Amino acid sequence: MSDHIETRRSIRHFSKKMVEKEKVMKLLKAAMQAPSAGNQRPWEFLVIEDEDKRRELAGATPHAGPTARAPLAIVMLANEEDLKYPEYWQQDLAAATENLLLRAVDLGLGTVWMGVGPEESVMNYIRKVCNIPASIKPFAIIACGYPVEDKEQNRLLDRYMEERVHFESY
Ligand SMILES: Cc1cc2nc3c(=O)[nH]c(=O)nc-3n(C[C@H](O)[C@H](O)[C@H](O)COP(=O)(O)O)c2cc1C
């Protein structure tokens, strides 16, 4: 059993090394393997290497700085058209995002998940920068690259909180 769930950490500083195309494909495949409500799979992905575009995207929120520093950004998107369970698209996207983050650890990559939705103004900013139609919902930006931080990525972290667990009845 791999410990990637325990060792994954948000990485916000990256080397200049580009992420290989095969690895990008593996990240996207992992994301698309996620469970979704009624198997509706509302996700789409925008893969961005272009530095100017990443710099612009980094202005989406005060916390999106890693987008400018990483060699790669993946914008997680939802297409709400024809969904069986439209109210679940955010949960679907969250599952896909976590899959991607965990596969990145497998591949020696670091990532950080930067929240976007449901802030309409932030979604609109990203739509404008990336030429995304109004019907598509930007959910998150994932900055991705080879970590330069000596971060915890290889250290096991235990966040178990006994008091948060209830058995049989709250
Ligand atoms: C919904 C969501 C939004 C987040 N937004 C940001 C963000 O805008 N900028 C950032 O640097 N980190 C962001 N993070 C990363 C969290 O700060 C990070 O996951 C948390 O501090 C725990 O640290 P760890 O990922 O290293 O375990 C976000 C994480 C989630 C799940």
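The model is predicted, and local features need pLDDT of at least 70, side-chain atom pairs count only at pLDDT 80 or more, and totals for chains, interfaces and linings use all residues. Residues are numbered from 1 along each chain as its sequence is written.

**Helix α5**
- Helix α5 spans residues 89-106, 18 residues in total, where helices are DSSP runs of H or I with at least four residues and strands are runs of E with at least two, numbered from the N terminus.
- From first to last C-alpha α5 reaches 26 Å, close to the 26 Å expected at 1.5 Å a residue, the expected span being 1.5 Å times one less than the number of residues.
- Among the buried residues of α5 are Trp89, Leu93, Leu100 and Val105; buried denotes 20 or more other C-beta atoms within 10 Å of a residue's own, with C-beta atoms placed from the backbone.

**Ligand shell**
- Residues surrounding the ligand include Arg9, Arg12, His63, Val112 and Trp113, each with its C-beta atom, placed from the backbone, within 6 Å of the ligand.
- Strand β3 gives the most to this shell, with four residues.

**Val112**
- Val112 lies in strand β3 and is buried because 23 other C-beta atoms lie within 10 Å.
- Beyond its neighbours within four places in sequence, Val112 is in contact with Ser10, Ile11, Arg12, Pro66 and Ala143, contact meaning C-beta atoms, placed from the backbone, within 7 Å.
- Val112 and Tyr160 are 48 residues apart in sequence and 21 Å apart in space, C-alpha to C-alpha.

Definitions and conventions
Buried ≥ 20, exposed ≤ 12 C-beta atoms within 10 Å, placed from the backbone. Contact = placed C-beta atoms within 7 Å.
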